[in-house]
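Some notes on this model follow, as numbered points. Please read them with the structure open.

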Amino acid sequence: MIKSNQKILNMTLILLDGLLCAATMIGAYLLRFANYSGAHLGLGIYLRLLVPTVPVYALLYHLLGLHESFRYRGFLTEAGKIIQANLLGLMFLQMLAFLGKEIHLSRMVLMLFFAMNTAASGVMRYLLRRVLRKMRSGGRNQKHFLIVGWNEMAEDLCKKLIGNKSLGCYIDAYLGSGTPSGKLSFLPRAGRIQDLEKYLACHPPDEVVLCLEYEQYPQLQHLLEVCEKYGVKSSLLPLYAQYLPSRLHIEEIEGIPLMDLRHIPLDEAFNRVLKRGTDIILSLGGLVFLSPFLLLVALLVKASSPGPVLYSQERVGLNRRTFQMYKFRSMRADDSGRDKTAWSTSTDDRRTPIGAFLRKFSIDELPQLYNVLRGDMSIVGPRPELPFFVDKFKEEVPMYMLKHLVRPGITGWAQVQGWRGDTSITQRIKCDLYYIENWSFLLDIKIIFMTAFCMFNRSEKLGKAAKARQEREEETP
């Protein structure tokens, strides 16, 4: 059922993409020439360009995976692919115009077509996502799973599949000797792992997920052959899944697949240059644009209490190198060294009145734009920590040191999710690792906008919400 629904959705997407190409080309033409009285090519020339262009766009969308199921894929990922496809499509249109010697073809129309078609494709897919998620939450368009084997990883997967109703996932049953606990105790056991063929003959699901223990791996080949025999898609959830990144990168050496357990997008030169270039532009522009405001804050800090305007503190950054991070001083000058081994809290008696205001809206962080310009930090990234806490957490928190694979940031994914200050360091690291493994330019833009929203909507509320989520997760069996 899911396969047939997906085929219908794919055909619908292809048809809608073609209609959007025609509609946005007409819209771009009218926007450029509706009130233009000078000589220009007629609309028919531009529509004729679409005859070879629409199939090329369909091919580009297909090659970039935009006609595949986006049940588990984030919208930001899809939006990036839409932009990429339309950039390639624009290059194809320019090439057509050159080869067809259409020297009077309006480049403005083509640029407007690119912008409008990119936006329309994004909006259309976003609305389609909302409709499908609402349908799935209502129990329609469900994808049925059979779990083969039962262990801790299988239980964790089932909790996530069932917990997020918008995914539209339904667990039919499981085969194995384990016993689901807590909220999963309702799952029916349909027999042993060896009964897979018997089960598929009567109740074929949309997908079989193999969750085998180490001693059960000799059965893997037979189980895969059974799934292939009945034409059922199979997936493998390995025992070591907790050590794998969220996006697995496979390299090939003479036909032998090799899993890169710590491949990150910022390992690629283009991505590093893009991120660093963005950091330089934003930090330099921010320092220049905000200079009058920064001067005002400096005067208020100086007038509020004796001591320096700026406060510097040693932090650990990229590749575990230390650097001096700058802030506006928000507390009375203190030489006790307490700030090197303890976090400041909202009830810290050392805070000045102006300092409390600066910290409330994160204004005290603005001097870190200078750290970004110097290359110590990035606009977005994991927050840098004190050396004292780095030495402490690297022994206590799994994978803590992986946050130093990228430049630390003024803001980050953990902070906009509410994991800042006196909240779970484990949850913070999970967010940091998610950001590192899923970095994209659009994700950085999203975090910047979310940071601006958080500044005006009280970050304390986010922190309380994060703590509440943590308590609920700890209570969940």
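1. Start with the contact between H8 and H9. On the H8 side, Gly-286, Leu-287, Val-288 and Phe-289 take part; they meet Ser-291, Pro-292 and Leu-294 of H9. By class, the residues of this contact are five nonpolar and two polar, with no charged residue. H8 spans residues 269–289 and H9 residues 291–304. Their axes come within 5 Å and cross at roughly 65°. Bear in mind that this is a predicted model.

2. Next, the open sheet. Four strands are arranged in the order S2-S1-S3-S4, and the pairing is parallel. S2 (169–175) and S4 (233–236) are the edge strands, each pairing on one side only. From one strand to the next, the twist averages 25°.

3. Within that sheet, look at S1 (residues 143–148) and S3 (residues 207–210). The two run parallel and are joined by four bridges. Ile-147 stands opposite Val-209 in S3.

4. Two helices deserve a check against the sheet. H5 (residues 152–163) packs on the sheet and touches S1, S2 and S3. The direction of H5 makes about 155° with that of S2. H7 (residues 220–229) lies across S1, S3 and S4. Relative to S3, H7 runs at about 175°.

5. Now H12, residues 387–396. Which residues of H12 are buried? They are Phe-389, Val-390 and Phe-393. Their arc around the axis is only 105°, so they sit on the same side of H12. The buried residues of H12 pack against strand S7 (310–316) and helix H14 (425–437).

6. Aromatic pairs come next. The structure holds 11 of them. One is formed by Phe-388 and Phe-389, with an edge-to-face geometry. The centres are 5.2 Å apart, and the planes make 80°. That angle counts as edge-to-face because it is over 60 degrees.

7. Phe-388 and Phe-389: buried or partly exposed? Phe-389 has a relative accessibility of 7% and counts as buried, because the cut-off is under 20%. Phe-388 has a relative accessible area of 39%, so it is partly exposed.

8. Last, the ring cluster. Ring pairs link Phe-388, Phe-389, Phe-393 and Tyr-400. Phe-389 and Phe-393 are also among the buried residues of H12.

Definitions and conventions. Residues are numbered from 1 along each chain as its sequence is written. This is a predicted model: local features need pLDDT of at least 70, side-chain atom pairs count only at pLDDT 80 or more; totals for chains, interfaces and linings use all residues. Side-chain values use heavy atoms; hydrogens and water are left out. Axes are lines fitted to C-alpha atoms, for helices over the stretch in contact, and angles run from 0 to 180 degrees between N-to-C directions. Contact means heavy atoms within 4.5 Å. Ala, Val, Leu, Ile, Met, Phe, Trp, Tyr, Cys and Pro count as nonpolar, Asp, Glu, Lys and Arg as charged, and the others, Gly among them, as polar. Rings of Phe, Tyr and Trp (its six-membered ring) pair if their centres lie within 6.5 Å; planes under 30 degrees apart count as stacked, over 60 as edge-to-face and the rest as tilted. Buried means under 20% relative accessible area, exposed over 50%, partly exposed in between (1.4 Å probe, protein chains only). The arc is that of the directions from the helix axis to the C-beta atoms. Two strands pair if DSSP finds at least two bridges between them.
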